[in-house]
Amino acid sequence: MPYCHTAFHAITPEQVEVVLSTFAQDNFVGGRAAYRLVDGSYSIDAGENDIRAIYDEETTALKFICRHKREMSFYDKKLQSFAAKHGINSTTI
């Protein structure tokens, strides 16, 4: 799974699930809450398995991976729009 080009920064460990759950609610039909998977990543797309989040505690950043490279642009736009709407510090790699 390739990494998306957008990352969220300055996210504390306590904010991770709130931010990701809000993203799920704003962007996916049936999205209610993000949840942590066994591998440490987060399911954020209401079970579609097309995008996941990974929290990097060392850099306090949320990074995102897509199932298909062809969908990266689509999800990068959603992530950037969400960050702007909610005042989240983000970068495009």
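**Sheet and aromatic pairs in a predicted model**

Modeller: Six strands form an open, antiparallel sheet in the order S2-S3-S4-S5-S1-S6, where strands are DSSP runs of E with at least two residues and helices are runs of H or I with at least four, both numbered from the N terminus. This is a predicted model, in which local features need pLDDT of at least 70 and side-chain atom pairs count only at pLDDT 80 or more, while totals for chains, interfaces and linings use all residues. Residues are numbered from 1 along each chain as its sequence is written, and side-chain values use heavy atoms, leaving out hydrogens and water.

Biologist: What makes strand S3 and strand S4 a pair?

Modeller: Pairing requires that DSSP finds at least two bridges between two strands, and two bridges join strand S3 (residues 42-43) to strand S4 (residues 51-56), which run antiparallel. Tyr42 has Ala53 in S4 as its bridge partner.

Biologist: Why is the pair of Phe23 and Phe82 called edge-to-face?

Modeller: Rings of Phe, Tyr and Trp (its six-membered ring) pair if their centres lie within 6.5 Å, with planes under 30 degrees apart counted as stacked, over 60 as edge-to-face and the rest as tilted. The centres of Phe23 and Phe82 are 5.3 Å apart and their planes stand at 90 degrees, so the pair is edge-to-face.

Biologist: How do you know whether Phe23 is buried or exposed?

Modeller: Buried means under 20% relative accessible area, exposed over 50% and partly exposed in between, with a 1.4 Å probe and protein chains only; Phe23, at 0%, therefore counts as buried, and Phe82, at 4%, is buried.
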